[in-house]
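Welcome! Take a moment to look over the sequence and the 3D view, and then we can walk through some of the features together.

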Amino acid sequence: MALCYVLLLLLLMSRNGLCQQKQCTKSAVNSCADCIGSGPHCAWCQKLNYTKPGEPEAVRCDTPDRLQSSGCEKEEIIFPENQINETEDVPLSASFVQQEPVQLRPQKIHLTLRPGLPTTFSVMFKRVEGYPVDLYYLMDLSYSMKDDLANVKDLGEKLFNALNEITKKGQIGFGAFVDKAVLPYTNTNKEKLEKPCDEKEQQCQAAFGYRHVLSMTSDKDKFTSEVGKQHISGNLDTPEGSLDAMMQAAVCGDKIGWRNSSTRLIVLATDAGFHMAGDGKLAGILEPNDERCHMETNLYSMSSDMDYPSVGQLAMQLEKNNIQPIFAVTENMMTVYEQLSNMIPKSEVGVLTEDSSNVVQLIKDAYNRLSSKVTVTHDNLPDNVAVMYKPKDCSNPEPASESKGVCNDVNVNQEISFDITVTTQTCMEEEKSFTIKLLGIKDTLTVTLSSNCECKCKDHKDENHKLCNGKGRINCGTCSCRDGSVGQFCECNVGQRNEESLREACRQQNSTECLGRGDCVCGRCQCHTSEAGSSYYGEFCQCDDEHCEKFQNKQCAGNGKCNCGTCQCFPGFEGSACHCKVSVENCQSESNTLCNGRGKCKCGLCDCIPGYQPPLCKTCLGCPDPCLTKLKCIECLGFDSGPFKKNCSEACSKSIYHNMVDKFSIPGKECRQKDSEGCWITFKLEQLVGEDNYTAEIHKQRECPEPPNIAAIIGGSLAGVALIGILLLMLLKLLIYMKDLKEFQKFENEKKRSKWAQANNPLFQDATTTVANPMFTGE
């Protein structure tokens, strides 16, 4: 006990403290299956007569230790546990003396898991001495690699010698790449497609994306001969089609010649960056890479029709085919390919000299780093399954992880192991499986999972057991009643009503029967006793006196009684947890009222009506302006006008006490508003105790505009009408005169232009008659 007190801090920080006990958290447990599904540490007691009268069957569910201490014998306890069954466990191979050496054990394992209860098993690995190696040399043949190609042609013997130091069963293949033979990556002029190099270059092969030159072979003369036939090529832009070439080399296994049991390496030698998915759009190539083999006559036939692969696609295919890439690049590309290596598991980066003269040593160093790092991981996990890896028996392990386990500096024939912990969170209806594998190595472990959620009880065969009043049988220690009977011991006859309607009467708003706190007997809840010994109560057993609000770890602060989840405070105390003494000292306003009548004093502080502000609920920041809201009342009280004129005393006299004044005495804001008659009213308001209680001072005089002069308005209107009529007549007369004048001038002009003869019309007879007197002589 003393040790527990000393390590109290450690217990709070660690789940697996020395004094920590396993707990069974249960809720609404009515059967063994409910209990087992409640948690990984729950067990069920199937002992007959284990429960006392009035006790719920849920007391049968607890940890095995507590059940035994309460009188349930060990053989009566149902506690499903995890089971591990290694269905295939072939011993590890010491050396490569057979076609399929074993480097990982076991090979198949079956786990029967209890939800939430982790189980741990070990896997062992040993590097086989003399394990075959397949090395595919993938070279950039763009023009900048001209010097490197010349050196690679002489590397055949050195490469094979380096492989022989690693294994006697080494093979080498060769492939080359440049870029897609379309614009803007390559000049598509016919002559340039045939010879994309400098004009001075005599030996230059036509533009191509990726070409497989030599399948895996152990014949160094053949390697030297085929590589010696290769010539440089060229393209326009700096990045190359490296990912295209690596993807085809990974998925075209039958053409490359990868062996089933071998360490597979791709050595990518280049001095430039790489194109990736999406870059094909520059050339109008929109079809995504399909991760399939498209090799015709050793050429990548879909180079100009399919986009580059993404880094994720390439990484997945390399891992799927157990291929480990080694990026042999120039120093200026080191950073780029280190970032690429971080995204591709089991890959290495080395720096090439300007002419690739150090490539053999680079490959040896990279292979040693790859082979000495053992990484164990998994493929897609089933839903609700978690895995944890922890290296063991390893001189340089990496920390435990949920995604992988890593052990560094592993030597040949050194046996290491990993502890793998598997946990499932739910029961599984059918078996599921996943694969644990070693990156870069063919060996795998198949893990098959099934869940252990069933109660295998020793039930009595009697269908009319006396414990069930002869109306049911025993199921895991409890009564399973026949149709027509219900109850803990089948003591209730259903009668005319069906069982479902009786059980429905025990459910509150479609919840569980009696909220899991009682038994539904004949349509009524018989409540159980709680774990603390008191009883649940209420129509649906919804009440108890043990779960009220606490203060300072005391229920109802020790100043009240818990009643159905609510604290009932003793005299002199208040608050939801009875944690405050009744006091109004801090709630007294200047008017000696509590919270100015606009709130309640709770725990010595004002709980204000919404809008009013503490501490004393004096001001309301969100309330509308009373100058506007009280205008109608001010108008009817002060001047007997407005909308409230007929019922002013009822609408306003109880909320506003007013005085008519010549000069204001109330401090504060002066209100100036226009009433319904268009007059300006000036008044002041002061809020009294309460929410809607004001005193008002109203200025006796309203500022009303002078009434209009009707006679002047009418006279002016008539005069205006007359004046307008005269003006219109004058305008009409002027228009007529102007028209006549224009016609007269037209007549005068025509008259002047006329050319009439100066003779009389012979038909014209003058109206004057002259008569001559014949007798008149003129004298």
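## Salt bridges

Across the whole structure, a search finds 20 salt bridges. Keep in mind as you read that this is a predicted model.

One of these pairs brings together the side chains of K108 and E88, with a distance of 3.9 Å from N to O. The two residues come from distant parts of the chain: K108 sits in strand β6 (residues 108–113) and E88 in strand β4 (residues 83–88), 20 residues apart. K108 has 40% relative accessibility, so K108 counts as partly exposed. E88 is also partly exposed, at 30% relative accessibility.

## Two more bridges to find

Next, look for D89 and R105, whose side chains meet in a salt bridge at 2.6 Å, N to O. D89 lies in the loop between β4 and β5 (104–105), while R105 belongs to strand β5, so this pair ties together parts that are 16 residues apart in sequence. D89 counts as partly exposed because its relative accessibility is 29%. R105 is partly exposed as well, with a relative accessible area of 22%.

K630 lies in the loop between α15 (626–629) and α16 (631–639), and D692 in the loop between β39 (680–687) and β40 (694–699), so the bridge ties together parts 62 residues apart in sequence. Is K630 buried or exposed? At 11% relative accessibility, K630 counts as buried, whereas D692 is partly exposed with a relative accessible area of 42%. Salt bridges can also join up: E504, R507 and E513 are linked in a network of them.

## How helices cross

Now for some helix packing. Two packed helices are described by the angle between their axes and the distance between the axes.

Start with helix α6 (residues 156–166) and helix α13 (residues 359–372), whose axes come within 10 Å and cross at roughly 25 degrees. That angle makes α6 roughly parallel to α13, and their crossing is right-handed. Helix α6 also has a crossing with helix α8 (residues 220–228): the axes come within 9 Å, at roughly 140 degrees. α6 and α8 are therefore oblique to each other. This crossing, of α6 and α8, is right-handed.

## Under cover

How many of the 10 residues in helix α9 (residues 242–251) are buried? Nine of them are, which leaves the helix mostly covered. Among the buried residues of α9 are S242, D244, M246 and Q248.

T63 is another residue to look for, placed in the loop between β2 (61–62) and α4 (64–69). With 7% relative accessibility, T63 counts as buried. T63 and C427 are 364 residues apart in sequence and 20 Å apart in space, taken from C-alpha to C-alpha.

## A nonpolar patch at the surface

To finish, turn to the outside. I724, L728, L731, L734, L735, Y737, M738 and L741 make a nonpolar surface patch of about 790 Å². I724 is placed in helix α18 (residues 710–753). Why does I724 count as exposed? Its relative accessibility is 51%, and exposed means over 50%.

An α-helix has 3.6 residues a turn, so residues three or four places apart point the same way.

Note on methods: Residues numbered from 1 in each chain as written. Predicted model: local features only at pLDDT ≥ 70, side-chain atom pairs only at ≥ 80, totals over all residues. Heavy atoms only, no water. Patch = residues over 30% accessible without salt bridge, like charges linked within 9 Å, V, L, I, M, F, W, Y side chains within 5 Å. Areas by Shrake-Rupley, 256 points an atom, 1.4 Å probe, with all protein chains shown as cover. Salt bridge = Lys/Arg side-chain N within 4 Å of Asp/Glu carboxyl O. Helix = DSSP H or I, 4+ residues; strand = E, 2+ residues; numbered from the N terminus. Buried < 20%, exposed > 50% of the residue type's maximum accessible area, 1.4 Å probe, protein only. Axes fitted to C-alpha atoms, helices over the stretch in contact; angles between N-to-C directions. Parallel < 35°, antiparallel > 145°, perpendicular 65-115°, else oblique. Left-handed = near helix turned anticlockwise from the far one by under 90°.
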